Amino acid sequence: MTKKTKKHYKHHSPRKKRLRIFFVVLCIIVVGLVLSSFYIRRVYEKYLGPVNGSNQAILVTIPSGSSLPKIAGTLKQAGVIRAAWAFEWYVRNDNYARTSLEAGTYILHPNQSIKDIVTQLSQGKASGNLVVILPGQRIDQIEAALINDGFSKADVIAALAPGQYTTSYPMLANLPATATLEGFLYPDSFAKDSTTKVSSIITDSLTEMQNKLNLDIVNGMNKQGLTIYQGVTLASMVEQEVSNTLDRAKVAQVFISRLHNGMNLGSDVTAFYGSIEAGQSPSLSYDSPYNTRINPGLPAGPISNVTQSSLVAVAHPANTNYLYFVTGDNGITYYSTTLAQHNAQTQQYCQKLCSSE
């Protein structure tokens, strides 16, 4: 007879089974925590960045004695940070005491990171002891602001006369005889005390603008067939048309393409400037040397000051073939190559803003 072999079965005790389940669950929890931590870190780093590319100047007041959550909430409400909790985490994790964030009124921008904003607040760079030239301001607005800062009207008018600066600043060497400093006062904050003269504010601003007009910018403008004066004029149009820096190279390309094609630039902001400069209410139909809806070519001169992003956009326009653009009611700018496409986009996206023009 064949001897039967006994089969041996391996039995697991309930205790060993429980241990295996415990370790599996533990591994799942650990992996989940690691992945969650990684995801939260990625979100946190994203929220540390700028809200958008806009260089719009926003005045934000931090009241004395504000708590950290209160400061974070104020900044979020003003639209200069993405998330209040990210601001609080950054302040706490980077060893900033709440008391190191000084109270005051600050000029902030949506294109600043949380790190930049915390640095500004911790250094107490409030606008209270500063003279501020805001981006996109006309020279008459800058004049009024300087007078409001305590400088006499006579001193301000004298300091804004362009003739005294032409030999010191190459960018002003070929100004038209009737030109002002419109477009050439670079926006920034300038320290002021009881001894500060308005002329020093103007020279500091002009020096900064001259530095922005470096060889790369000037050569880029020349490559587009523009002189410095024409390039600054076009940059001021770009500055006024769109605030998002990501759109500015495309808008510059549209204007440059229209110039090269012999088309009117058709810019509403130039029409408005011409009517305001003439002491009229803002109007699209007022016929002035600045109205590019009516007259061909560039306007007679700059229509506001400019920021670096607009200068770069003109020197290095986007490599596209658009001939039209419209900014919709939702703040998004739409581009097209034909008038029919442009009209359709205007009708679809710009019902409120365009109907009020």
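Let's start with Ser113: its relative accessibility is 17%, so it counts as buried (buried means under 20% relative accessible area, exposed over 50%, and partly exposed in between, with a 1.4 Å probe and protein chains only). This is a predicted model, where local features need pLDDT of at least 70, side-chain atom pairs count only at pLDDT 80 or more, and totals for chains, interfaces and linings use all residues. Residues are numbered from 1 along each chain as its sequence is written, and side-chain values use heavy atoms, with hydrogens and water left out.

**The overall picture**

- The protein's secondary structure comes to 14 helices and six strands; helices (H or I, at least four residues) and strands (E, at least two) are DSSP runs, numbered from the N terminus.
- Of its 357 residues, 41% count as buried.
- Take the contacts between residues at least 6 apart in sequence: 62% of them join residues at least 24 apart. Contact here means heavy atoms within 4.5 Å.

**Two serines in loops**

- You'll find Ser113 in the loop between strand S2 (104-108) and helix H4 (114-122).
- Leave aside the neighbours within four places in sequence, and Ser113 is in contact with Leu48, Gly49 and Pro50.
- Ser54 sits in another loop, between helix H1 (14-47) and strand S1 (58-62).
- With a relative accessible area of 5%, Ser54 is buried.
- Not counting residues up to four places away in sequence, Ser54 touches His109, Pro110, Asn111, Ser243 and Asn244.

- Ile58 is part of strand S1, and at 14% relative accessibility Ile58 counts as buried.
- Which residues does Ile58 touch, not counting residues up to four places away in sequence? They are Ala78, Val80, Tyr106, Ile107, Leu108 and Pro110.
- Ile58 and Tyr106 are 48 residues apart along the chain, and 8.0 Å separates their C-alpha atoms.
- Asn222 belongs to helix H8 (residues 215-223) and counts as partly exposed, at 43% relative accessibility.
- The C-alpha atoms of Asn222 and Ala315 are separated by 8.0 Å, with the two residues 93 apart along the chain.

**Aromatic rings**

- A pair of aromatic rings is described by the distance of the centres and the angle of the planes.
- Here's the rule: rings of Phe, Tyr and Trp (its six-membered ring) pair if their centres lie within 6.5 Å, and planes under 30 degrees apart count as stacked, over 60 as edge-to-face and the rest as tilted.
- By this rule, there are eleven aromatic pairs.
- Phe255 and Phe325 make an edge-to-face pair, at 5.6 Å centre to centre and 80° between the planes.
- Phe255 is in helix H10 (residues 245-260) and Phe325 in strand S5 (residues 324-327), so this pair ties together parts that are 70 residues apart in sequence.
- Phe255 counts as buried at 1% relative accessibility, and Phe325 is buried too, with a relative accessible area of 14%.
- Now for Tyr334 and Tyr349: their ring centres are 3.8 Å apart and their planes are at 10°, so the pair is stacked.
- That pair links distant parts of the chain, 15 residues apart, with Tyr334 in strand S6 (residues 333-336) and Tyr349 in helix H13 (residues 339-349).
- Tyr334 counts as buried at 15% relative accessibility, whereas Tyr349 is partly exposed, with a relative accessible area of 26%.
- One aromatic cluster is formed by Tyr44, Tyr47, Trp85 and Trp89.

- The axes of helix H9 (residues 228-241) and helix H11 (residues 268-277) come within 9 Å and cross at roughly 105°. Axes are lines fitted to C-alpha atoms, for helices over the stretch in contact, and angles run from 0 to 180 degrees between N-to-C directions.
- H9 and H11 are therefore roughly perpendicular to each other (angles under 35 degrees count as roughly parallel, over 145 as roughly antiparallel, 65 to 115 as roughly perpendicular and the rest as oblique).
- Met237, Gln240 and Glu241 of H9 make the contact with Asp268, Val269 and Thr270 of H11.
- The residues of this H9 and H11 contact divide into two nonpolar, two polar and two charged; Ala, Val, Leu, Ile, Met, Phe, Trp, Tyr, Cys and Pro count as nonpolar, Asp, Glu, Lys and Arg as charged, and the others, Gly among them, as polar.

**The disulfide**

- The structure holds one disulfide, meaning a pair of cysteine sulfur atoms within 2.5 Å.
- Cys350 is joined to Cys354, with 2.0 Å from S to S.
- The link of Cys350 and Cys354 is right-handed, with 100° about the S-S bond.
- Cys350 is buried, at a relative accessible area of 4%.
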